[in-house]
Amino acid sequence: MPRLLLLLPTTTYRTAAFLGAARKLGVEVVVASERAHVFQQAQPGRFLSLDFLHPDQAARQVVEFVATRPIDAVVGVDDATTVLAAVLSNALGLPHNAVRSTAAARDKYQMRTLLRGDGVPVPPYALRSFDDDPVVEAWRTAFPCVVKPLMLSASRGVIRADDEAQFVGAVRRLERILRTPEAAADGEAARQVLVEGFIPGREVALEGLLVKGDLHVLALFDKPDPLDGPFFEETIYVTPSRLASTAQVEIVSCTARAAQALGLRDGPVHAELRVNRHGLSVIEIAARSIGGLCSRTLRFGTGLSLEELILRQALGMEIPSLERERRAVGVMMIPIPRAGVLKEVRGQTEARAVPGIDEVTITAHPGQDLVPLPEGASYPGFIFARAESPERVEAALREAHRRLEFVVMAPRKSSEAVSP
Amino acid sequence: MSDESVRSDGEQGEDSRIRAKIQDLLDTAINPAVAGHGGVVSLVDVKDKMVYLQMGGGCQGCGMVDVTLKQGIETMIREELPEVVEILDVTDHAAGQNPYSAASKK
């Protein structure tokens, strides 16, 4: 039985999906997290606790571990573990993307620099430090612009500024976000800020699988809600895309060039691009698959999940098909209704009854602090739909969301704050 | 006629034996471990060698509950009781008010 080292941060949404895929494939799993699991002592062959922030130290631990329990592949499930997966694979002599490629994909400044150097269109950008005076920096910034952290994902800390005053406010707000212990762990990257030109237009997300350097498109998602700021809360993803086929071809070609520019050759990629009458801009290409629970929308061949594809590729197993099912599908990452403490979510039965709705999953728990963007770090839940056309999928998602009622109490005073 | 009455004495006896062994595992190994994260696991039933468990406290709604169940609890049960057909979690995780780990975006 093949043995897989799965890098699972304790805060990932992907645990059930990856463990379910491994089980379906008959793979033995060793779970590595940043904290020791309660059963680690009882089941030492099935758990590892690794320092995700110190890859070299983690690599030494894993090398010691495999001396008695060989590992056939290392898979990181999300943003926080992509670089570590490459470092560990390298240490074990297992095939994987180069460490420098995954590191570049994780760092928005490095990524843009490599993409621009290879002629891949990216927004105009500049690197700034929180040590710089934002008032002075504002004078040399063109507006509108977008202020971004180098490493956080899912639009956390991303703020649009249309003038100097907004710029100063945005930079100071981002600095506060990056002072949280979780973000500050990114070290020097948490002391820097990416300032880039705001690109108007529609945004799309491409989910792909790289196989020996060739990009295979798994899905191209439209994001029908405008993402114009001041914050960039992602809500609805629908595939197939309704863009003209010529635009879709360009998006695929641009994403393939972006992956090549970073040196990514194998494994999942998740790219986000802006499309307008002037052409395309690559906003991001990450060496990971789609986040949250969104992968539940995707089924391939005879019902393979995205996680099964990823594990099959990592383990060198045959991939029967990369063709997505024919029906249109979509997901809504439910927006945070307002800041406060979640009491309950009403209307779930009514939302599930909307034709085309597959599933409504509330992931926030009663008593959880709901924190909107740009500070927020979690979704209240997800709605999934499947229908004959993208239009029907989008309509079903909107109607199901309309039927949900979030009962939210006043935010806790800071002295009462609890962890999520 | 109830479901229970159509099952043979042998089947019921086998389930009773599994029930007793799992309760012992819960009391001596599983619950002392998950208590470290404020969790608790209860045996709801054993029927036709299918085991129904309920998770509470820090385990209810925890983002790592599948790891706890599949990598930890299930492995321990199967080592002792390889004849168990399936182990099912019947917890309403959405109602968990104090999960030990919650998912986030980073």
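Is Phe232(A) buried or exposed? Phe232(A) is buried, since its relative accessible area is 8%. Buried here means under 20% relative accessible area, exposed over 50%, and partly exposed in between, with a 1.4 Å probe and protein chains only.

This is a predicted model, where local features need pLDDT of at least 70, side-chain atom pairs count only at pLDDT 80 or more, and totals for chains, interfaces and linings use all residues. Side-chain values use heavy atoms, without hydrogens and water, residues are numbered from 1 along each chain as its sequence is written, and chains are lettered from A and ligands numbered from 1 in the order in which they are written.

Turn to the rings. Rings of Phe, Tyr and Trp (its six-membered ring) pair if their centres lie within 6.5 Å; planes under 30 degrees apart are stacked, over 60 edge-to-face, the rest tilted. That rule gives eight aromatic pairs over all chains. Phe198(A) and Phe232(A) form a tilted pair, because their planes meet at 40 degrees, with ring centres 6.4 Å apart. Phe198(A) is also buried, at 12% relative accessible area. Elsewhere, ring pairs join Tyr13(A), Tyr379(A), Phe382(A) and Phe384(A) in a cluster.

The charged end of Arg160(A) sits over its ring, 4.1 Å from the centre. The criterion is NZ of Lys or CZ of Arg within 6 Å of the ring centre and within 35 degrees of the ring normal.

Back to Phe232(A). Its backbone oxygen lies 2.6 Å from a polar side-chain atom of Ser155(A). Ser155(A) counts as buried, at 16% relative accessibility.

Notes:
Polar contact = N/O pair within 3.5 Å; in protein donor to acceptor, adjacent residues only side chain to side chain.
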